[in-house]
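My notes follow in the order in which I made them.

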Amino acid sequence: QVQLVESGGGLVQPGGSLSLSCAASGSIFHIVAMGWYRQGLGKQRELVAQITSGHSTNYADSVKGRFTISRNNAMNTVYLQMNSLTPGDTDVYYCNGRIYTSENTWNEYWGQGTQVTVSS
């Protein structure tokens with residue numbers, strides 16, 4: 001079993017910054033990629049940012065230049081630094097991991113979600 005535990009999030013004023021972190025633990029053989037998705041009420045879950053084991057990154061257009069994803073492979077941890085936040089960034093943010101638990105078996109795992117609220 002694999003668990004993803006998120007921390008960070010909360011309430012911030014427009015223009016402010018927040019950081020999220022997510023640690024993967026359990027029966028991990030290899031982590032292919034980790035990332036962050038977000039979902040608002042009544043909306044589909046959407047990709048925010050993703051980083052591979054080789055540190056290649058992919059960002060949603062709406063967050064490019066404002067958010068930075070990074071990863072500590074040794075700690076199986078992924079981070080999301082969010083700057084210049086706007087009310088449009090208000091959502092529940094979910095950590096995601098594409099993780100091999102053995103040489104031939106991989107699954108997609110999700111964290112429990114953390115609320116980010118941008119409001120004055």
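How many aromatic pairs does a search of the whole structure find? I found one aromatic pair, taking rings of Phe, Tyr and Trp (its six-membered ring) as paired if their centres lie within 6.5 Å, with planes under 30 degrees apart counted as stacked, over 60 as edge-to-face and the rest as tilted. The pair is formed by Tyr-37 and Trp-110, and it is edge-to-face because the ring centres are 5.0 Å apart and the planes stand at 70 degrees.

Before going further I noted the conditions: this is a predicted model, in which local features need pLDDT of at least 70 and side-chain atom pairs count only at pLDDT 80 or more, while totals for chains, interfaces and linings use all residues. Residues are numbered from 1 along each chain as its sequence is written, and side-chain values use heavy atoms, with hydrogens and water left out.

I then placed the two rings. Tyr-37 belongs to strand β4 (residues 30-39) and Trp-110 to strand β10 (residues 106-110), so their pairing ties together parts 73 residues apart in sequence; strands here are DSSP runs of E with at least two residues, numbered from the N terminus. Tyr-37 counts as buried at 13% relative accessibility, whereas Trp-110 is partly exposed at 34% (buried is under 20% relative accessible area, exposed over 50%, partly exposed in between, with a 1.4 Å probe and protein chains only).

Which rings does Arg-45 lie over? Its charged end sits over the ring of Tyr-94, 3.7 Å from the centre, and Arg-45 also lies over the face of Trp-110, at 4.6 Å from the ring centre; the criterion is NZ of Lys or CZ of Arg within 6 Å of the ring centre and within 35 degrees of the ring normal.

Next I searched for disulfides (cysteine sulfur atoms within 2.5 Å) and found one in the whole structure. It joins Cys-22 to Cys-95, with an S to S distance of 2.1 Å, and the link is left-handed, at -85 degrees about the S-S bond. Cys-22 lies in strand β3 (residues 18-26) and Cys-95 in strand β9 (residues 91-100), so this pair ties together parts 73 residues apart in sequence. Both Cys-22 and Cys-95 are buried.

Last, I looked at Leu-4, which is in strand β1 (residues 2-8) and counts as buried at 6% relative accessibility. Leaving aside neighbours within four places in sequence, Leu-4 has contacts (heavy atoms within 4.5 Å) that include Cys-22, Cys-95 and Trp-110.

Conventions:
Helices (H or I, at least four residues) and strands (E, at least two) are DSSP runs, numbered from the N terminus.
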